[in-house]
Amino acid sequence: MTLPEFVVVFCTASPDEAEPLAKALVDSRLAACVNVADVQSCFWWEGAVSREAERLLVIKTQHRLLDPLIERIRELHSYDLPEIIAMPIIGGYAPYLDWMREETA
């Protein structure tokens, strides 16, 4: 099975650390683009339901950069168990995908 060239990584972060985390990933060329959006998360944590205002980072990168990207998120993230979920990009607008490839070269 051939791996996809590109992936989108979803990660939640506290409001205070989302922008610096996004900037660090783009500055290091681990991501071509990171969108940051306000979200309200509801989840089980330590035996109870928690609700938190968070930021959702939608990170566009190349599959080959997934492991170093995850490692960098873990280095910079304050959560004990950060949400890091990768999904393949199976298609898209070719000029945008070319731009992603160039920016993460």
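Visitor: How many salt bridges does the count come to?
Guide: The count is seven. The rule asks for a side-chain nitrogen of Lys or Arg within 4 Å of a carboxyl oxygen of Asp or Glu. This is a predicted model: local features need pLDDT of at least 70, side-chain atom pairs count only at pLDDT 80 or more, and totals for chains, interfaces and linings use all residues. Residues are numbered from 1 along each chain as its sequence is written, and side-chain values use heavy atoms, leaving out hydrogens and water.

Visitor: What makes Arg 101 and Glu 5 a salt bridge?
Guide: Their side chains meet at 2.6 Å, N to O. The limit is 4 Å, so the pair qualifies. Arg 101 sits in helix 3 and Glu 5 in the segment before strand 1, so the bridge ties together parts that are 96 residues apart in sequence. Helices (H or I, at least four residues) and strands (E, at least two) are DSSP runs, numbered from the N terminus. Glu 5, Asp 98 and Arg 101 are also linked in a network of salt bridges.

Visitor: Which parts of the chain does the pair Arg 55 and Asp 38 link?
Guide: The side chains of Arg 55 and Asp 38 form a salt bridge at 2.8 Å, N to O. The pair links distant parts of the chain: Arg 55 in strand 3 and Asp 38 in strand 2, 17 residues apart.

Visitor: What makes Glu 71 and Arg 74 a salt bridge?
Guide: The distance is 3.7 Å, N to O, so the pair passes the rule. Both residues lie in helix 2 (66-76), three residues apart, about one turn of the helix. Arg 74, at 53%, counts as exposed. Glu 71, at 38%, is partly exposed.

Visitor: How do you know that strand 1 pairs with strand 3?
Guide: Two strands pair if DSSP finds at least two bridges between them. Eight bridges join strand 1 to strand 3 (residues 48-62), and they run antiparallel. Val 9 has Ile 59 as its bridge partner in strand 3. Strand 1 also pairs with strand 4 (residues 84-89) in the antiparallel sense, over six bridges. There, Val 7 stands opposite Pro 88.

Visitor: What makes the patch of Tyr 93, Tyr 96 and Trp 99 a nonpolar surface patch?
Guide: Patches are made of residues with over 30% relative accessible area and no salt bridge: like charges are joined within 9 Å, nonpolar side chains (Val, Leu, Ile, Met, Phe, Trp, Tyr) within 5 Å. Trp 99 has 32%, so it clears the area limit. Its place is in helix 3 (residues 94-103). The three residues make a patch of about 340 Å². Accessible areas come from the Shrake-Rupley method with a 1.4 Å probe; for residues, only the protein chains shown count as cover.

Visitor: What makes the phi of Arg 29 worth a look?
Guide: Phi of Arg 29 is near 65°, a positive value in a residue other than glycine. Most residues other than glycine have a negative phi. Arg 29 lies in the loop between helix 1 (15-27) and strand 2 (33-45). Glu 46, also not a glycine, has a positive phi of about 50°. Glu 46 belongs to the loop between strand 2 and strand 3.

Visitor: How do you know that the radius of gyration agrees with a compact globule?
Guide: The radius is taken over C-alpha atoms, and the globule rule is 2.2 Å times the number of residues to the power 0.38. For 105 residues, a compact globule would come near 13 Å; the chain has 14 Å, which agrees.

Note on methods:
Buried < 20%, exposed > 50% of the residue type's maximum accessible area, 1.4 Å probe, protein only.
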